[in-house]
Amino acid sequence: MKPISIVVCIKPVPDSRHWEKITLDPETGLLRREGIPIIISPLDRNALEEALRIKENRDGKVTVISMGPPNTVEILTSALAMGADAAVLLTDRTFAAADTLATAYALASGIRKLGEYDLVLLGNESLDGSTGQVGPQVAEFLGIPHVTHVNKVNFIDEDTLQVKSRIELGYMMIEVKIPVALAVEKEINEPRIPSLLGVVQAKEKPMSTWSANDIGVDKARIGLPGSPTQVAKVFAIEVKRRGEVLTGEPVEVTRKLIEKLRAERVLPKVC
Amino acid sequence: MLEQTSKIEEYQGIWVFAEQRNGKLLEVGLELLGSGRMIADKMATELAAVLLGHNVAGLVVDELGEYGADKVYLLDSPILEVYRSDPYALLMQGLINQYKPAVLLIGATTIGMDLAPRVAAKIGTGLSAHCTGLDISGNGQLAAIVPAFGGSMMAAILCPNRRPQMATVCPGFMKKNEREQGRKASVVRVEVSLPQESIRTKVVEVFSEEPKTLPIELAETIVAGGYGIGSKENWKMVEELATVLGASVGATRPAVDEGWASLEEQMIGQSGKTVHPNLYIGIGISGVIHHLIGIKDSKVIVAINSDPNAPILKAADYGIVADFRDIVPHLIRGFREAMEEM
């Protein structure tokens, strides 16, 4: 089979173990996330794992691409350590505050500059925004088909894939030719942990940093100006009730609870 | 930003994508007609449903009218029988460019979430994902309320300079109207013609099963478990308590992700289901807002958590601060006895 060229889009997200440190700036209404470590958005790791597995079955190249501030290099380096062959960072002040449309446009422009590609893989949704919109939108800007909710990928010949796409209470089996963009779910695989050798080798692998000018984007279509959606306000919401804590030994607590629930008339009719 | 050629004022009316599978309308479409109706009345404009499929009109057009649509745009063709992103997105693009709606609401199903972003990118407009609330201002601006950071925060998203204002809306969050028998929608049949080469995927198999248990959003009693349950082995305790109560089992996203809960359909909260049982018992659930917004309509909320600072204890009517492994066996026994007394 001829070699395959795969691009994996990875997103830097604040590590969810530190989300409680994210605060809201009361003056600007923006989220403060300084000092919070970033990680590869989990499903993007599944996308990378799938790319590496495909490459291991047939010769090829896996390139990871990400858009973000300069420290995004950290997650690109982890991706190289996992086994990606090259990394590209799209970083520029003018990319900042992009919504999914502007993000997808910038990523697609970066992927175009890379040249020939057969597959674009990414996580079905990110850990932080969880919109699940960037995959189909990158595909639209590249002019290629997409499949979302993918949890199985199978080449039936060197250009044709059969992919399993989850729907509610079932799935669709879809046939599609490369080039195609696939948004993958967690069930597709178990991402590998970088080996020590991988970590060492990552330092030798090519890492490119491209600005908005480098990828020749229309400045009106990136960052905040290129984003049709605007965040009007961010607010914490509270769901609050009486919060009566029942105390005592387990037997005691059980008795109290059943009494309360009986009084409230919410025990199921069989009770 | 990519120029949009038409003026914002030219975009009028509220549209709802009426998703159907095997000729049956999805509940979320009817829910969206409910909130769409409210928005349309407030804006003194028209509410339309957009229906794509093959030989489905007879089955559902009446239903769309009776649930609030003034108009149904009907696209009927064999190529639309099973959902595929290419034909659906291209036809939606054509329809939007021709009829110019101000708002387009799509249910956040797997298919809705596949279609909506592709359409938004074709049109160059804004799309809010997984909305749990919708609000319209006097000047016709749609504020889409979306959870952020796993639901610990909410954001109001606007799309001031682009039309249509698009949003995908989580199933279960909007209320459908009472069905008004005999209420009629006018039907606009739209011709479907697409070049063969524009459809690049082929569906070779569709598999879907009937739900085995009562859908959790209809359950009167729910026992739900979270990440704190810790293992598939421990999860059996959640299931046993549910069995004793004749309850449905619910789960948080982490519990579904860990594979303890057997079905995605059990997931409660953002990107899951909204439930409204008489009694909800949450075990090993910390209570990120993400989950809480899914249970807030329960009549009574009971939370069992070993962490006295777990947010769910404040959101509950009754809390028990204990290791669930110590307490749940007693609850199982206690509820069983309570049942036998009857």
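Visitor: Why is helix H3 of chain B called oblique to helix H4 of chain B?

Guide: The axes of H3(B) (residues 85-99) and H4(B) (residues 110-123) come within 9 Å and cross at roughly 45 degrees. Helices are DSSP runs of H or I with at least four residues, strands are runs of E with at least two, and both are numbered from the N terminus. Axes are lines fitted to C-alpha atoms, for helices over the stretch in contact, with angles from 0 to 180 degrees between N-to-C directions. Under 35 degrees counts as roughly parallel, over 145 as roughly antiparallel, 65 to 115 as roughly perpendicular, and the rest as oblique. The crossing at roughly 45 degrees therefore makes H3(B) oblique to H4(B).

This is a predicted model, in which local features need pLDDT of at least 70 and side-chain atom pairs count only at pLDDT 80 or more, while totals for chains, interfaces and linings use all residues. Side-chain values use heavy atoms, without hydrogens and water, residues are numbered from 1 along each chain as its sequence is written, and chains are lettered from A and ligands numbered from 1 in the order in which they are written.

Visitor: What makes Trp15(B) and Tyr73(B) a tilted pair?

Guide: Rings of Phe, Tyr and Trp (its six-membered ring) pair if their centres lie within 6.5 Å; planes under 30 degrees apart are stacked, over 60 edge-to-face, and the rest tilted. Here the centres are 4.9 Å apart and the planes 50 degrees, a tilted aromatic pair. Trp15(B) lies in strand E1 and Tyr73(B) in strand E5, so the pair ties together parts 58 residues apart in sequence. Ring pairs also link Trp15(B), Tyr73(B) and Tyr99(B) into a cluster.

Visitor: How do you know that Lys113(A) sits over the ring of Trp210(A)?

Guide: The rule asks for NZ of Lys or CZ of Arg within 6 Å of the ring centre and within 35 degrees of the ring normal. Lys113(A) lies over the face of Trp210(A), 5.1 Å from the ring centre. Likewise, Lys164(A) lies over the face of Tyr171(A), at 4.6 Å.

Visitor: Why is helix H4 of chain A called largely enclosed?

Guide: Eight of the nine residues of H4(A) (residues 134-142) are buried, so the helix is largely enclosed by the rest of the structure. Buried means under 20% relative accessible area, exposed over 50%, and partly exposed in between (1.4 Å probe, protein chains only). Among the buried residues are Pro136(A), Val138(A) and Phe141(A). Their cover includes helix H3 of chain A and H4 of chain B.

Definitions and conventions:
Contact = heavy atoms within 4.5 Å.
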